[in-house]
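Subject: Structure handover

Hello,

I am passing on the structure we spoke about. My notes on it follow below.

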Amino acid sequence: MKAEELLSRYRQGERNFAGANLRGQSFKGQVLSEVDFSRVDIRGTNFSDATLVRATFHEAKAGLQKRWVVISAFLAWLFSVCASFLLAFSGYVITQIFEAGNLSNNTLGWVTLVVQFVCYILILRKGISIVFARVITFGFAVTFIFGIVLALAFPTIGTNQGVAVIAGVFAGVGAGSCAVFLAGVFAGAWAVAQVIGAGIALVIAVIISILGAGAGAINSETGTIAARVSVGISIACVLASAYIGWQSLKGDLKYTLIKSAAIAFATWGGTSFRGADLTNADFNQACLDSTDFREATITRTSWLHTRLLERIRPGDSFLSNPKICTLVQTGEGKDIDLTHLNLRGINLANAQLENACFRAADLSESSLADANLTRANLVQTQLSQTDLSGATLTGATIEDWGITGNTNLQGVHCEYVYMRWVREGAPDPNPRRKPDNYEETFADGEFSDFIKPIVDTLDLYHNQNVDPHTIAIAFKQFVENNPDAEIQIASIEAKGAGNLLLRTKTASTADHSKLNKEYFETLNYTKTLSPGARMLLAAKEREINRLSTMFNNFMESAMDRINTVNINAGGDISGIINFGEIAGDLNNSIQQLPTSSDSTQPNLKDLLNQLQTAIAEEPELDDTEKAAAFAQVKKLAEAGQAPQDSRMKQLATKATGFSRASLGV
C-alpha cells in the first residue's frame with residue numbers, strides 16, 4: 001500500500017490497516033494517532049517526527065529491506081578485508097624479530113609486538129572508551145618524542161634504532177586500533193546479517209590475515225618459525241576482535257562504544273521513528289531489528305515480548321540500558337536494582353517486581369498498572385502522574401515517596417506498608433509499619449484512603465513550641481491573603497510536646513511550596529508582635545479565637561482559651577470599671593502623639609483613634625474585654641510618644657502595621 005492511499009483513507013476515518021505492506025514508504029511528520037498497524041511490514045519505512053499516539057504495531061516487522069541487508073553485509077565484508085590487510089602487515093612486522101643481524105628491524109618487531117599486546121589487553125579488560133582513545137593519542141606523542149631523543153642523545157645506538165622504536169609503536173598502536181575497528185566490523189556484520197554475514201566476514205578476515213602474514217614471512221629470511229608465529233598472532237588478533245564484537249552486541253558495558261557504532265551502521269536504511277510521538281503505543285511482539293528511536297517520545301510505550309529490541313538505536317532513552325531492555329521485554333524484574341535511574345515514562349504494567357529497588361528513581365508519567373510491587377523499595381521514588389491502579393504494594397517501603405494528587409492509586413492492593421527505610425545497622429530498626437498493629441491489615445480500598453490525605457494536603461509543621469494564639473492569628477491572615485488557594489483545615493495532629501502538624505486542603509492548582517513558605521513568613525512576623533497587639537486582633541476577630549481554641553485542644557496546652565481575657569499588663573482592672581476614666585486616660589495618651597506630615601498615609605495617632613472607637617462600639621466585647629483592650633491601646637500610644645527610643649520605636653512601627661491590618665486601613 002502506498003503512503004498516499006493510506007493517508008487518504010485515514011483522513012476519511014479508517015484506522016485499521018492490519019497486515020498491510022508499507023515497506024519503504026514515508027510518513028514523515030504525518031498524524032496517525034490510534035492507527036492499527038498490527039502485523040504490518042514496515043521495513044525501511046520512515047515515521048520520523050510522526051504523531052503515533054496510541055498506535056498499535058502488534059507483531060509488526062521493522063528493520064532493513066533486503067537490498068539494504070545486502071549492501072550493509074557487503075560493506076561489512078569490505079571493511080573487514082581492509083582491516084585484515086592492516087593486521088596482516090603488523091604480523092609481518094613482528095616477524096622481523098627473527099631477522100638475524102639487523103638490530104633496527106629486531107627493535108621494530110619487538111616494539112610492535114609489545115605495544116599490540118598491551119593494546120589488546122587493555123581493550124579486553126577495560127573496554128573501549130574516550131579515556132582509552134586519549135591513552136593511544138598520548139602514547140603516540142610520548143613515543144615520537146622518545147624516539148627522537150633516543151636517536152639524538154645516544155648516537156652509539158644509532159638513528160635507525162630510534163626510528164625503529166617510533167615505527168614499532170606506530171605499528172603496534174595501529175594494530176590495536178585495527179582490533180577496535182575489526183571488532184566494530186564484526187559487531188556490525190552480526191547486527192546486519194545475523195550469524196551468516198558475520199561468519200563470512202570472519203572467515204575472509206582470517207584467511208587474508210594468514211595469507212598476508214604467511215606470505216610476508218616466507219618472502220623474508222625469517223623462515224618457517226617466523227611464519228608460524230606471524231600466522232598464530234594474526235589468528236589470535238582476529239578471533240579477539242570477533243569476540244569483542246560479539247560481546248558488544250550481547251550488552252557488555254565495556255564495549256558500549258563499539259555497539260553504538262555498529263548499531264548506527266546497521267540502522268542505516270532501516271525503519272525510522274526518530275522524533276516520533278509514540279505515547280501509549282503498542283509494539284508487543286514486534287520485530288524491531290535495525291530501527292531508529294532517537295529523540296522519540298516513548299511515554300508508556302509497551303515493548304512486551306518484542307524481538308531484537310537490543311538492536312535498536314535508542315538515543316538517550318532508558319532503552320540504552322540493556323537491563324531495562326530485558327525488563328520491558330519480559331516484564332520480569334524480581335529483585336532488580338534500578339536505584340537512581342531515570343525511568344520516566346516507562347511501561348511496566350503487569351510486571352513482576354517483587355523486592356525491586358526503585359530508590360530515588362524517577363517513575364513519573366509511567367505505567368505500573370496491575371504490577372506486583374510486593375516488598376518493593378520505593379524510597380524517594382518520583383511517582384507524579386504515575387498509574388498505579390490495581391498494583392500490589394503489600395510490604396513496600398514508601399518513605400518520602402513522591403506521589404502527588406495526579407498519581408492514580410485506584411484499586412491498589414495493599415495489606416500493609418513500611419513508612420521508613422531501615423538501613424543495615426540503623427540505631428532504630430523500627431520500619432514504622434502501617435497499620436501499626438502487626439496483626440491488622442488494610443481492608444480493600446483502605447490504603448488509598450490512608451495515603452490520600454498525605455498527597456492532597458498542604459502540611460504546616462510547627463516544631464518550635466509556638467503557642468496556639470500566634471498560630472491562629474498567622475493562619476487567619478494567611479487564608480485571607482490567598483483566597484484563590486481555597487485553604488481549609490483538614491486535620492490537626494499533636495506531634496510531641498508543644499509541636500503541631502496542621503494539614504490543610506487546597507485548590508488543585510495551588511502551589512504548595514510557595515504557600516508553605518508564605519505561611520511561615522506570616523507566622524514569623526506574627527511572633528514579633530507584642531502580646532498586647534496579638535490580643536487586640538483576637539478581640540476584633542472571633543475566628544481567631546475559634547482557631548486558637550481548636551489548636552490549643554489538640555496540643556493539650558495548659559494556657560487559657562483566648563476568649564477568657566486575663567491581662568495584668570495594664571494594672572488590675574477586675575471589679576467595677578470606670579470607662580469614662582479609662583477612656584479619658586487613653587484619649588490623653590493618643591492626643592500626645594505627633595501628627596504625620598504625610599497626608600496620604602494614616603499615622604499611628606489616627607489609627608489608634610479609630611481602634612479606640614471600634615473597641616468601644618464592638619457589641620461582642622464585654623466590659624472586661626473592652627477595658628483590657630483600652631489598656632493595651634494606651635501602651636501602644638505611650639510607645640509612640642518616645643520615637644527616639646529604639647525599642648519603643650520598633651514597637652510603634654509594628655503597632656502601626658498591625659493596627660492598620662486589624663482595621664482594614
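Helix α9 (residues 446–456) holds both Phe447 and Phe450, which are three residues apart, about one turn of the helix. Please keep in mind that this is a predicted model. The rings of Phe447 and Phe450 form a tilted aromatic pair, 6.4 Å centre to centre with 40° between the planes. Phe447 is buried at a relative accessible area of 2%, whereas Phe450 is partly exposed at 26%.

In total, the count of aromatic pairs comes to 21. Among them is the edge-to-face pair of Phe273 and Phe283, with 5.5 Å centre to centre and 85° between the planes. Both residues are in the loop between β1 (271–272) and β2 (291–292), 10 residues apart. Phe273 is buried, with 0% relative accessible area, and Phe283 is buried at 0% as well. Ring pairs also place Phe273 and Phe283 in a cluster whose members include Phe17, Phe57, Phe293 and Trp303.

Two arginines sit over tyrosine rings: the charged end of Arg15 is 3.8 Å from the ring centre of Tyr10, and that of Arg433 is 4.8 Å from the ring centre of Tyr438.

On the surface, Trp110, Val114, Phe117, Val118 and Ile121 make up a nonpolar patch with about 480 Å² of accessible area together. Val118 belongs to helix α3 (residues 103–126) and is partly exposed, at 40% relative accessibility.

For the chain as a whole, there are 17 helices and seven strands. Of its 665 residues, 48% count as buried. The chain exposes about 32200 Å², of which carbon and sulfur atoms supply 54%.

Regards

Key: Residues are numbered from 1 along each chain as its sequence is written. This is a predicted model: local features need pLDDT of at least 70, side-chain atom pairs count only at pLDDT 80 or more; totals for chains, interfaces and linings use all residues. Side-chain values use heavy atoms; hydrogens and water are left out. Patches are made of residues with over 30% relative accessible area and no salt bridge: like charges are joined within 9 Å, nonpolar side chains (Val, Leu, Ile, Met, Phe, Trp, Tyr) within 5 Å. Accessible areas come from the Shrake-Rupley method with a 1.4 Å probe; for residues, only the protein chains shown count as cover. A salt bridge is a side-chain nitrogen of Lys or Arg within 4 Å of a carboxyl oxygen of Asp or Glu. Helices (H or I, at least four residues) and strands (E, at least two) are DSSP runs, numbered from the N terminus. Buried means under 20% relative accessible area, exposed over 50%, partly exposed in between (1.4 Å probe, protein chains only). Rings of Phe, Tyr and Trp (its six-membered ring) pair if their centres lie within 6.5 Å; planes under 30 degrees apart count as stacked, over 60 as edge-to-face and the rest as tilted. A charge sits over a ring if NZ of Lys or CZ of Arg is within 6 Å of the ring centre and within 35 degrees of the ring normal.
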